[in-house]
Amino acid sequence: TFMVLTACDTIWGYCTSKGVGFFYLEHDDKVDIYNYTAERWVFPDDVSVESFIIIPAEDGYVGGVSALVKKGSKGAIYSICNCEKLTDYLFDKVDERLFGDKYYIVYSNGKCGVYDVVKKKYMVACAYEEIGEYSEFNGDEYAVVRKNGKYGLLNFTKGKVVVSMENDQVVVRDGFALIRRDFRYAIYSL
């Protein structure tokens with residue numbers, strides 16, 4: 001199989017740690033991705049690529065690559081390595097930070113949440129101004145969140161707020177959350 005490339009502004013290739021290779025091409029203000037391992041184009045013709053998310057592998061190489069692809073005003077997440085759409089067209093934006101390798105920070109109607117592309121569901125609804133640091137402890141997954149200018153802590157494995165949304169700061173380290181409210185401090189054990 002071969003292809004002829006003409007009039008490209010930018011072209012580069014990439015190979016993941018799992019041996020999946022692809023070409024990134026920019027031409028006429030459009031981005032295309034050709035997965036040369038699967039021998040096919042990744043995206044349909046009627047979408048535009050907004051951003052890329054690099055998924056690091058434990059060996060320091062690229063473990064995978066995803067992209068936010070828009071059709072109209074909403075975006076979907078595509079796996080470039082698997083040439084598949086991982087979500088419906090639900091999002092305004094997807095953050096480049098990942099929680100683990102399956103949780104994406106997503107935005108809809110000006111609010112952010114966490115979406116699991118494996119289970120294809122929201123782990124945290126798009127109801128927050130900001131999602132900060134992520135932590136795993138004893139099999140549970142936590143995220144620091146901000147709503148109405150105040151911070152709290154979610155256990156999104158269990159789907160509940162474990163530190164109320166009335167704090168000036170929440171920092172998670174080594175199985176503990178340090179909480180600051182009105183210049184007073186408290187420690188919460190995860």
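Is Asp 174 buried or exposed? Asp 174 counts as exposed, because its relative accessibility is 72% (buried means under 20% relative accessible area, exposed over 50%, partly exposed in between, with a 1.4 Å probe and protein chains only).

## Ground rules

This is a predicted model, where local features need pLDDT of at least 70, side-chain atom pairs count only at pLDDT 80 or more, and totals for chains, interfaces and linings use all residues. Residues are numbered from 1 along each chain as its sequence is written, and side-chain values use heavy atoms, with hydrogens and water left out.

## Two aspartates with positive phi

Most residues other than glycine have a negative phi. Asp 174, not a glycine, has a positive phi of about 50°. Asp 174 sits in the loop that links strand 17 (169-173) to strand 18 (176-181).

Asp 182 also shows a positive phi of about 50° without being a glycine. Its loop runs between strand 18 and strand 19 (184-189). With 52% relative accessibility, Asp 182 counts as exposed too.

## The chain as a whole

The protein chain has 19 strands and zero helices. Both are DSSP runs numbered from the N terminus: helices are H or I, at least four residues, and strands are E, at least two. Of its 190 residues, 42% count as buried.

Now for contacts (heavy atoms within 4.5 Å): among those between residues at least 6 apart in sequence, 24% join residues at least 24 apart. The accessible surface (Shrake-Rupley method, 1.4 Å probe) comes to about 10500 Å², and 48% of that belongs to carbon and sulfur atoms.
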